[in-house]
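Let's take a walk through this model, one piece at a time. Keep the viewer open and follow along.

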Amino acid sequence: MSDTAVPEFFHRFPMKKVSDASLDDVLREEGAPVGILFLWGRDCPNCDIAKRAMLLALDRFQWPQVRWMHDNVYEDPTMATRFGLHGIPAFIVFRGARKIGRITEWPGAQLFLSAIENQIAMVETV
């Protein structure tokens, strides 16, 4: 991954690389019931803040019920258009193939973790 500010991020936090063209197929694959699509851009300072925060507590951001995906929207602007982005980072949350939420900007680690853990709990009660 060509990411100059946090070059180790995708090596230490493996996420499936997707594109606008491949996302629907990936979401239909069997696997974790919750999907998180991390939309970012190269040299985006706010994206780098999120990446650094996630690396500081990597184990807290990995759940067996969650499948992580990512896309650099600077290289794939149709993905940004698809989700009507006005800024990055953005995190699109899915239950299966259905979009159930969106976290725009980086709210901080604790708020992000709480939001995702609430979604996991909702999936587990269904």
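Start with helix α3, residues 45-56, in what is a predicted model. With 12 residues at 1.5 Å a residue, α3 should span 16 Å, and its end C-alpha atoms sit 17 Å apart, which agrees. Now look at what is tucked away: Cys47, Asp48, Ala50, Lys51, Ala53, Met54 and Leu55 of α3 are buried. The cover over those buried residues includes α1 (9-12), β2 (34-40), β3 (66-72) and β4 (90-95).

Once you set aside the neighbours within four places in sequence, arginine 52 is in contact with Ala5 and Val6. For a sense of scale, methionine 15 is 37 residues away from arginine 52 in sequence and 15 Å away in space, C-alpha to C-alpha.

On to the sheet. In general, strands of a sheet pair through backbone hydrogen bonds, either parallel or antiparallel. Here 5 strands make an open sheet, ordered β1-β3-β2-β4-β5, with mixed pairing. The edges belong to β1 (16-17) and β5, each with a single partner strand, so one side of each has no neighbour in the sheet.

Which way do β2 and β3 run relative to each other, parallel or antiparallel? They run parallel, joined by 7 bridges, and leucine 37 stands opposite methionine 69 in β3. As for the helices, α5 packs on the sheet and touches β2, β3, β4 and β5, with its direction at about 10° to that of β4. Helix α3 lies across β2, β3 and β4, running at about 135° to β2.

While you're at β3, find histidine 70, which lies in that strand. Its relative accessibility is 1%, so histidine 70 counts as buried. Its side chain makes a polar contact with the side chain of tryptophan 40, at 3.1 Å.

Next comes β4, which is mostly covered, with 5 of its 6 residues buried. β4 pairs with β2 in the antiparallel sense over 6 bridges, and valine 34 has arginine 95 of β4 as its bridge partner. β4 also pairs with β5 (residues 98-104), again antiparallel and over 6 bridges. In that pairing, phenylalanine 91 stands opposite isoleucine 103 of β5.

In soluble globular proteins, nonpolar side chains tend to be buried together. In this model the largest nonpolar core has 46 residues, and those with the most contacts inside it are Leu37, Met54, Trp68 and Phe91. Elements giving two or more residues to this core are α1, α2 (23-28), β2, α3, β3, α4 (77-82), β4 and α5 (109-125). The largest share, 6 residues, comes from β2.

To see how these pieces meet, zoom in on phenylalanine 91. Neighbours within four places aside, its contacts include Leu37, Met54 and Trp68. Also among them are Ile36, Phe38, Ala50, Ile103, Trp106 and Phe112.

Conventions. Residues numbered from 1 in each chain as written. Predicted model: local features only at pLDDT ≥ 70, side-chain atom pairs only at ≥ 80, totals over all residues. Heavy atoms only, no water. Helix = DSSP H or I, 4+ residues; strand = E, 2+ residues; numbered from the N terminus. Expected span 1.5 Å × (residues − 1). Buried < 20%, exposed > 50% of the residue type's maximum accessible area, 1.4 Å probe, protein only. Contact = heavy atoms within 4.5 Å. Pairing = 2+ DSSP bridges. Core = buried A, V, L, I, M, F, W, Y, C linked by side-chain atoms within 4.5 Å. Axes fitted to C-alpha atoms, helices over the stretch in contact; angles between N-to-C directions. Polar contact = N/O pair within 3.5 Å; in protein donor to acceptor, adjacent residues only side chain to side chain.
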